[in-house]
Amino acid sequence: MSSHCCLPLFFSNFCATAGQQLQACRYSVLFLTTMVKVTYCETGTSELCSAGPLHAQCKVEWYFSLPCRSVYEALVAQIKKWRTVSTCATGGEKCLYKLQSASVHFISAKHTTPVKKYVDDINFRLVSYGFFTHCHVSAMSVSETWYAVTDHGTNYCNLYNLMEGSGLTEAPGYKEITSDFLCTQRSSANCTVY
Ligand SMILES: *[C@@H]1O[C@H](CO)[C@@H](O)[C@H](O)[C@H]1NC(C)=O
């Protein structure tokens, strides 16, 4: 099964036949899926409700007992290290990151999945606290594919893999705050695969 499956595929075929009204079709579908989701979630527990955000995306808060400059340098170095497809030679998705812009306050990048070529936009906002000895990172990953509803935790892994690869998950004071509500399929994510 693809990592952006079924429901989205149906809608993508549906809208492809709509020709020049494609944009209007997309909005209608987005509206429709929102209504379906709201209705389902009001009437009980369905799989659709537990799927988290409507669009495949992920938001994570991280905290470190490190200056933001150290966090910034570690993340940018890791994004550059996983630039080419070669680091995915044995599988996984720890490759094809592309740095878009970087400052000590804000890092923006893209991640492309090696097989399906789905593009996700990721960013990290870094804010110092405790007189510059600590850093709070607000991270976000969003699938560019407008109809992606499920992602097998890909958006979470896009962010987490950089944290782990750079060694930041072992850094002093490391703390992560997120949930299935904030991140599509977070609890079932296997970042070795995705
Ligand atoms: C994640 O996937 C890998 C590779 O298929 C597997 O070896 C590992 O056991 C999985 N981890 C979890 C927690 O399911």
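**Exercise 1. Determine what share of the contacts in the protein chain with a separation of 6 or more comes from residues 24 or more positions apart.**

Solution. Taking a contact as heavy atoms within 4.5 Å, one finds that residues 24 or more positions apart account for 61% of the contacts with a separation of 6 or more in the protein chain. This is a predicted model, in which local features need pLDDT of at least 70 and side-chain atom pairs count only at pLDDT 80 or more, whereas totals for chains, interfaces and linings use all residues. Residues are numbered from 1 along each chain as its sequence is written, and side-chain values use heavy atoms, with hydrogens and water left out.

**Exercise 2. State how confident the predictor is in the protein chain, and what the model has over residues 38-51.**

Solution. The average pLDDT (the predictor's confidence in each residue, from 0 to 100) of the protein chain is 82, and 72% of the residues score at least 70. Over residues 1-10 the pLDDT is below 50, and this stretch has 17 contacts in the model beyond near neighbours in sequence. Residues 38-51 also stay under 50, with 9 contacts beyond four places in sequence.

**Exercise 3. Decide whether helix 5 is largely enclosed or exposed.**

Solution. Helices (H or I, at least four residues) and strands (E, at least two) are DSSP runs, numbered from the N terminus. Helix 5 covers residues 154-165 and reaches 16 Å from its first C-alpha to its last, close to the 16 Å expected at 1.5 Å a residue, where the expected span is 1.5 Å times one less than the number of residues. Residues are called buried under 20% relative accessible area, exposed over 50% and partly exposed in between (1.4 Å probe, protein chains only). Because 9 of its 12 residues are buried, helix 5 is largely enclosed by the rest of the structure; among the buried residues are Tyr156, Cys157 and Leu159. Just after helix 5, Gly167 takes a positive phi of about 85°.
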